[in-house]
Structure formats: structure tokens, C-alpha cells
Amino acid sequence: MPLSRHPRRSLFAAAIGLGLAAALGATPTAGAAPAPAGSPAAYAAYERSKENADANRAFFEAVQRSVAEQRKANPGALAVTVTYNTRNAPSFRTQIARSTQIWNSSVSNVKLQEVSSGGNFAYYEGNDSRGSYASTDGHGRGYIFLDYRQNQIYNSTRVTSHETGHVLGLPDHYSGPCSELMSGGGPGTSCTNATPNSAERSRVDYLWRNGLVAAR
């Protein structure tokens, strides 16, 4: 959580704080701009920025590409299964499992499933001044990075659940209340809610209805 996206090597290259990741083989790299300061004004300013709008679009396009691949592999499925691995985030397996359970019990049209290696996206852990984030190149490749310090300051299950929300196509909304999962770090460190609200659940089900993404 600083819940922020940062442009990386092209218009659609982005990292999201607290994000999306879909696909194989990507590993964390340095070089993204610092996350916004944790004040409400900083969050609000970043939410309205072109940088954030570009990153939202990049993540939606990454999700669309990932869905297209899923549908080619299993065109008759009503729900899409998105796979992930936690090999590089052993300290957070409990929190990741909880957040996955939360999402799987909250939505119907997409399901998250752990695999031992590979998968549609991966979790990593470590130290990073940007905090936790997700990164994508806009082509369905990426990862979720979980920062040690941030996960000590914020509720760790909320962090992982929020980041997984980006995987499923949801943008940040820093100005939202604690009851809104994608408000991320906006409500402050006392917020421990790790469950999407009804609007967020409906949005994800809409995006993944019959395996299709309608990111509009």
C-alpha cells in the first residue's frame, strides 16, 4: 500500500502498489518512481493523475490478454481459473491463502488456484522503498511484490487481498472508505478490512462474465 502505479518502460508498463500480475516468468526489478506519500491529499492527487489513468488502462489490457488465453484453452468454461504461485513469497503464504479464499467466496465468474510453479502470475517478497505493488508490462506479464515493512504497518491480509483485486481487474480508489477494499492505504493503518464490498464483487463478476473482460 502505498497503492500506487508507476510507469516503467512504455505507456502500458506499470507497477501498482498494494496490483495486478498475470503470467509467467516476470521477476521484480528496480527503477519505478517512488510511491506517493501516505497522506489523504497525496492519494487523492495521484488517483486523479494521468499516470494513474494510464496504469489502470494497462492493467485492464493485461487482464484482457490473460482472459483471451484462458478462453482459447477452455472455451466452454463458465468461470475462468487464474493460477498463481507463491514459491518466492513463503513468508506470506497464509495471508495469500486467506485473500484467495476471500475472493473465491466473493465472486462466481473467476476463480484463483495455486500451482507449484509457473501460473498466470506470481507473488514475491522482500524489501522495497516503494512498498507493496504489482507490476505489468501491459501484455499480461507480471507479479505481485509484498514488502516486509509495509506488511508490518498495514494489515497484511488486506494488502494481499487488495493486490489480488488488481489481478481481477479493479483499479485503486484511495478516497474510498475502509469498507472498500480498493481504497487500500487511503483509510490509514487502522483499516483491517480484507473483503471486497458488494460493488467491487459485482464489478469483478461483470468483468469476468463468461470469461470475457469488458473493461469500460
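Asn120 counts as buried because its relative accessibility is 13%, and the threshold for burial is under 20%. In this predicted model, Asn120 is placed in the loop between S4 and S5. Its C-alpha atom lies 9.4 Å from that of Thr81, although Asn120 and Thr81 are 39 residues apart in sequence.

Leaving aside residues up to four places away in sequence, Asp128 touches Tyr133, Phe145 and Asp147. Arg149 is 21 residues from Asp128 along the chain, and the C-alpha atoms of Asp128 and Arg149 are separated by 8.5 Å.

Ala199 belongs to helix H6 and counts as exposed, because its relative accessibility of 53% is over the 50% limit. Ala53 lies in helix H2, which covers residues 50–73. At 39% relative accessible area, Ala53 is partly exposed. Ala53 and Pro171 are 118 residues apart in sequence, yet their C-alpha atoms are 9.1 Å apart in space.

The chain as a whole provides the setting for these positions. It contains six helices and seven strands, which follow one another along the sequence in the pattern β-β-α-α-β-α-β-β-β-β-α-α-α. Of its 216 residues, 56% count as buried.

In soluble globular proteins, nonpolar side chains tend to be buried together. In this model, the largest nonpolar core has 25 residues, and the members that touch the most others are Val82, Trp103, Phe121, Tyr123, Val204 and Trp208. Two or more residues of this core come from each of the strands S3 (80–88), S4 (110–114), S5 (121–126) and S7 (142–147), and likewise from each of the helices H3 (93–106), H5 (156–167) and H6 (198–207). S3 gives the most to this core, contributing three residues. Another core lies apart from it and has five residues, including Ala122, Tyr124, Tyr133 and Tyr143.

Not counting residues up to four places away in sequence, Trp103 touches Leu112, Ser161, Thr164, Gly165, Leu168, Leu170, Leu181, Pro196 and Val204.

The packing of H3 and H5 can now be described. Two packed helices are described by the angle between their axes and the distance between the axes. For H3 and H5, the angle is about 55° and the axes are 8 Å apart. H3 is therefore oblique to H5. The crossing of H3 and H5 is right-handed. On the H3 side, the contact is made by Gln95, Ile96, Arg98, Ser99, Ile102 and Trp103, while H5 supplies Ser156, Thr157, Thr160, Ser161, Thr164 and Gly165. Sorted by class, the contact of H3 with H5 has three nonpolar, eight polar and one charged residues.

How values were computed. Residues are numbered from 1 along each chain as its sequence is written. This is a predicted model: local features need pLDDT of at least 70, side-chain atom pairs count only at pLDDT 80 or more; totals for chains, interfaces and linings use all residues. Side-chain values use heavy atoms; hydrogens and water are left out. A nonpolar core is a set of buried Ala, Val, Leu, Ile, Met, Phe, Trp, Tyr and Cys residues joined through side-chain atoms within 4.5 Å. Buried means under 20% relative accessible area, exposed over 50%, partly exposed in between (1.4 Å probe, protein chains only). Helices (H or I, at least four residues) and strands (E, at least two) are DSSP runs, numbered from the N terminus. Contact means heavy atoms within 4.5 Å. Axes are lines fitted to C-alpha atoms, for helices over the stretch in contact, and angles run from 0 to 180 degrees between N-to-C directions. Angles under 35 degrees count as roughly parallel, over 145 as roughly antiparallel, 65 to 115 as roughly perpendicular and the rest as oblique. A crossing is left-handed if the near helix is turned anticlockwise from the far one by less than a right angle, and right-handed if clockwise. Ala, Val, Leu, Ile, Met, Phe, Trp, Tyr, Cys and Pro count as nonpolar, Asp, Glu, Lys and Arg as charged, and the others, Gly among them, as polar.
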